[in-house]
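Please have the sequence and the 3D view open while reading.

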Amino acid sequence: MNRLGTVIGFTFKNKVRTKSFVITTLLLALLITIGIHLPFIIQMFVGDDEGGDNRIGIAANGQTEIAQQIEDYVSALPGNEIQFADLEGGDAAALNKQAKDQDLKGYLTIAPSEGAAFPAVEYVSENGSVPADVQAVLQPALESAKTRFITEGALSDEQIRQLTTPVQLSTVSYDQLAGTGEQNADGPEGDKFNPMNFITVYVLMTLFFFSAMLTGNMIASEVTSEKSSRVMEILITSVSPLTQMFGKVIGVFLVGLLQIGVFGLTIAINLMLPYNREVLAGFDLDFSQMPFDVLAYGLVFYVLGYFLYALLYAAVGSIVSRTEDLGQAVTPLTMLSLAAFYIGIFSLNNTDSLLMKISSFVPFTSPTTMIARIGLGEIAFWEIAVSLALLLASIFFFGWLSAKIYRTGVLMYGKRPSMKELRKAMKAYKI
Amino acid sequence: MTERLILRDVLKRYGEKTAVDRISFGVQEGEIYGLLGANGAGKTTTMRMVLGLIYPDEGTITYGGRPYGSEVQRLVGYLPEERGLYPKVKVSEQIVYLAKLRGMSGTDAEQNLKYWMKKFDAEEYYDKRIEELSKGNQQKMGFIAAVVHRPQILILDEAFSGLDPVNVELLKLAVKELRDQGASILFSTHRMEHVEELCRNLTILDRSKTVLQGDIREIKKGFPREQILLKTSGAVAGLENIPGVTGVEGDPESYLIRISDEAAAVPVLTEAMRQSEVRHFEVKEPTLNQIFIRSVGERHE
C-alpha cells in the first residue's frame, strides 16, 4: 500500500508539472471564461446597436385601424421595447427619407385594402430583413389584427385571444394516468423534464467521454514511454505490476480530477460575477433543482467506467514499444468510448429504446447510457444494481487481464505483438 | 563466506527453444561474479530470471536462502544495459522515487543519493533532467539509481558500455567499494579485461548451456600457454625452426612467438640468449579473451 502511494504521488506530481498540462488547463479555463461571457458580450454589442432606438415606423396608407391594432397589441405585451412612429405619405422615397431622418429600425407598409381581403404588409428596412426579435412581436400582432379584420367585431377580445393561442399537447405516461406513478405527483410531467436533469446528464456524459479518452491516452503514452526508456525494467523489479498499474491509473485520475476541479472553479467564479448572473437569470436555470440522485449515480458510474477504460489503456500502452505505434493500438478503445458517447447522446430523447436498455448493461457503454436512463427515463433500482455489479465484475476481470498483459507486454520489445504472440509469451513467462 | 544468490539447475524454455539449459552457480557475499556469453547465449534470460521478471521452468533461485518475493525485491538492485531512467524527470526526484519503491525512506534515499553524487563528482546534475545529461553521465545516474537503496544483490548488465576510460575507472572503483561492503554482484559484460580485473569466479554461457565455469585462475591453468613474449637487445633469427614453434610475429627486438607445446619455451630462451641479450621473457598465460573465443568459438565451428 505504501508503494502504491509512492507511485500515485510520483505520477501525479510529474504529470501536473508538465508544461503541456499547465498550458492546456489554463487555455481551456480561458475558453470557458470566454464562453460564459459570450451572452454578456453579445448583449453589450446588441445594446449598442439599439442605442435607445427600437422604433418602427408604420405607413398606414389609410388603414389606420389595422395600424392602431398592431400598436395596441405590441404595446400591451409585457416587457415590450418596441415603439411605433406613424409615417405619412405613400411614395417609397418619401417614406425611406422619413425613416432615415427619424433613425428608425425599419417600417411597415400596409397596402391599401382591396375588398374584404386583409391587406398585404411589408417590412422595409435598411438591409431588407426583419430581426428575429421584431418578427416574433410583429407576427402575432399581425395575426391578431387579421382576425379582428376578418371577424369585424363578431368575436369578443377573449374569443380572439383564445383563437390565437396555440393548442398545448401535454404528455402523461400510463402509470401516471393510472395514479401508480405517485412519486411524480408534484406535477404531471414529474421532474424528468427539468432542464437541470437534462444538463446534468449531458455534462456527465461529455465529461466521461473526454476523461476516458484524454486520460486514457495519457496513461497509455506514459506506460509506453516508460517502456521505451527502459525504466520499466527497473520498475517491474521493484513493484508488482498490479501496484504499478493501479498507481498510475489513480495518479492520472487525480490529475483529471484536479483539471475538472479547476474548470469547475472557473465556471463557479464566472457565474458569481454580478453582470453574468443577470444574463444567466434570463436562461431560466434554477440550480437548486439540481438532481442530486442523478449526480450521485452519475459519479459512481463515472469513476467505475473511468477505471475500466484506464486499465485497458494501460494494458494497450504496455504492448507497444514506441510512442509512434500507440495511436493505432488504442483505436479499438477509442471506438468503444465513441460508441458509448454517441449511443448516449443520440438517445437522450428516447431513453427507453431497446438499444439503450441493452447498452446500459454492457460495461463499456453503461457509464453513459445508464446515466441517461437514470436521469431522463424510467428505471427500476434492480436494473441500476445489476448494471453496477456487471461493471464492477468487468473491472476485476479486465484489471486482472490487463495486469497480465502489462506484465508480459513490458518485456516484449520490437514490433507490436499479436494476440496470439501475447498468449504464447504469457505462457512462456509463466505469468 | 556464504553464497547469497544461488541458482540451481535453472532451465527456461520459450516454446520449443530452450533459452537457458540447467545452469547453476552461486554468488558469495562480497563477490563480483562474471556472467559471460555471446549474444543470444541466454545471459539476458538468466538475469531476468534472477530479477524475478520471468520464472524458471525448472530449478530454483534463492536469495539469502529465500525464494523470490516482494521482500527480495528490496534487496536487489539492477542496472539495465540501456540506462532506464525517465528522460524528462529531475535526476534527484526519480532516484529518490526508485529508492522509495524499493522500500527506502525518503530522507535516507536523499542522503545516500548525495553521497553518490559527490563520489561521482556529479553534484551539479542534481536538479537536471536526464535528457540534459551526456550519455556517460546518464549511465552514472543509472548506476546510482541501481545502488542507492543499498542492495545486497546487485545485477549489472553491461555496466561500463559507452563510458570513457576515466568514468570506467570511476565506476570500477564504485563496484569494488560495494563488493568490499559485502554486496553480491552479478556482472555481465563483453569486455573480458573488466572480468579479469574484477571477478574471481565466472560462468561462460554458449547457446543456453554452461561451457566453462569456476575460478578464473583455475580456468586459466586448464588452458595451455601458447604464447611467448620475447624482448631482446638485438635481432634473433631462426626461432621458427625450433620444434613446437608454430609462428613468429613482431619486429626485431620484440617477438610474439606462438607455440603448440609449453616444452618449446626452454629451447626458445636458449636460442635467444645465444644470439642476443634477453631483456624480457614471458610464457604468457592465456587471456580470458582467448579462452572465451576458444571455448565459444570452437563450438560454433
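Predicted model: local features only at pLDDT ≥ 70, side-chain atom pairs only at ≥ 80, totals over all residues.

## Chain A: make-up and domains

Chain A contains 17 helices and four strands. Of its 431 residues, 31% are buried. When contacts between residues at least 6 apart in sequence are considered, 76% of those in chain A join residues at least 24 apart.

Two domains are assigned in chain A. Domain 1 is made of two segments, 2-31 and 192-429, while domain 2 covers 55-164. Taken over C-alpha atoms, the centres of domain 1 of chain A and domain 2 of chain A are separated by 57 Å.

## Where chain A meets chain B

The contact between the chains involves 19 residues of chain A and 25 residues of chain B. On the chain A side, the elements giving two or more residues are helix H1 (2-16), helix H9 (231-238) and helix H17 (419-429). H9(A) supplies the largest share of that side, with six residues.

Sorted by class, the side of chain A that touches chain B has eight nonpolar residues, six polar residues and five charged residues.

## Chain B: the annotated span

The UniProt record, an unreviewed entry, places the feature "domain: ABC transporter" at residues 5-232 of chain B. This span of chain B is 36% helix and 30% strand, and its end C-alpha atoms lie 49 Å apart.

## Strand E3 of chain B

Strand E3 of chain B runs over residues 31-37 and is mostly covered, with seven of its seven residues buried. In a regular strand, side chains alternate between the two faces of the sheet. For E3(B), one side carries Glu31(B), Tyr33(B), Leu35(B) and Gly37(B), and the other carries Ile32(B), Gly34(B) and Leu36(B). Both faces are covered, as the residues named on each side are all buried.

Which strands pair with E3(B)? One is strand E7 (residues 184-188) of chain B, which pairs with E3(B) in the parallel sense over five bridges. In this pairing, Glu31(B) stands opposite Ser184(B) of E7(B). The other is strand E8 (residues 201-206) of chain B, also paired with E3(B) in the parallel sense over five bridges. Here Gly34(B) has Leu202(B) in E8(B) as its bridge partner.

Technical notes. Residues numbered from 1 in each chain as written. Chains lettered and ligands numbered in written order. Buried ≥ 20, exposed ≤ 12 C-beta atoms within 10 Å, placed from the backbone. Pairing = 2+ DSSP bridges. UniProt positions renumbered as here; feature names shortened; annotations may be inferred. Contact = placed C-beta atoms within 7 Å. Nonpolar A, V, L, I, M, F, W, Y, C, P; charged D, E, K, R; others polar. Domains from an automatic or database assignment.
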